[in-house]
Amino acid sequence: MVRLPVARTVHRHVEVDGVRVFYRESVPERPDAPVLLLLHGFPSASHQFRRLIDVLGSRYRLVAPDYPGFGHTQAPDGFVHTFDRLADITEGFVQRLGLTRFTMYTFDFGAPVGLRLAERRPERIAGLVVQNGNAYQEGLSDTARDFIALRPETPGAEKTVRDLLTLPGTRGQYETGVPVPELLAPDGWTLDQHFLDLPGRKDAQVALAFDYRSNLERYDRWQSWLRTHTPPALITWGVGDPFFTEAGARAYLRDLPDAELHLFDTGHFALETHLAEIAPLIAGFLDRTWSTGDPAALRQGEGPK
């Protein structure tokens, strides 16, 4: 029988500060395998990493949570959706699973969530895989700047946000900048829209849209963190992204001159079209940069059952 290295993946929930966090996690062949925390973007959830987990999960431990307001995670009534709170829950999630050291995959919203984690607990960060996760002013397109400038009190601002949360808006985020749209499976935007249409979800996204400016206020701090801690970094970027420009990818090299940079002729969801190119880059990066160190100190727990 031909043996194919397809990962075994488990799907679980864990309670964090009143939030029932859903996550998917691969079960690697080695218990001491490198750990990659997958932080998803807008308007998606951990399902955006399904194919990456299938490809890499037998060799590495891939852990992908859904934030409050996304995917299968269930937040209580009254939960305040800000990026600080997303980071709080993600930090609690990491603690509940006993992840003492991990590389972070930061995509889109995953960049401000992940960099908040990095600021709080820098000793846990073994490296960064950045995919269209912006942390620089020059990485913002005019479209992104106009969107971030919206304020709740501005007439028509909330309607502008809600228009992005429709099926055409969701689909457009996948298709814009992609030269060969036939490479895109419609499942991604269809599932994203299903979750967006659940009760209360669009309210959560409107709140996060108006809070996005809080991330720009932290750019200087995050860039300083990168310069100070100099984590190993792999940067992969779809240059057709309508929100985050190629300049934002190159800007990382100013603070991390030893980072690897790979640009792809695709859009925001680069994994959808370039998994075959990006997955080997991640595997090579993890193999080169993960250090076992003290096995007792770096042993990863299996998390709640």
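The legends below describe close-up views of a predicted model.

Local features need pLDDT of at least 70 and side-chain atom pairs count only at pLDDT 80 or more, while totals for chains, interfaces and linings use all residues. Residues are numbered from 1 along each chain as its sequence is written, and side-chain values use heavy atoms, with hydrogens and water left out.

**View 1. Strand β4, residues 61-65, is mostly covered.** Helices (H or I, at least four residues) and strands (E, at least two) are DSSP runs, numbered from the N terminus. Of the 5 residues in β4, 5 are buried (under 20% relative accessible area; exposed is over 50%, partly exposed in between; 1.4 Å probe, protein chains only). Arg61, Val63 and Pro65 point one way, and Leu62 and Ala64 the other way. In a regular strand, side chains alternate between the two faces of the sheet.

**View 2. β4 pairs with strands β2 and β3.** Two strands pair if DSSP finds at least two bridges between them. β2 (residues 19-27) runs antiparallel to β4, joined by 3 bridges, and Tyr23 stands opposite Pro65. β3 (residues 35-39) is parallel to β4, also over 3 bridges; here Leu36 stands opposite Leu62.

**View 3. Helix α8, residues 201-211, is largely enclosed by the rest of the structure, because 8 of its 11 residues are buried.** Among the buried residues are Arg201, Gln205, Leu208 and Phe210. The buried residues of α8 pack against α2 (83-97), α4 (142-148), α5 (157-164), α7 (187-196) and α9 (213-216); contact means heavy atoms within 4.5 Å.
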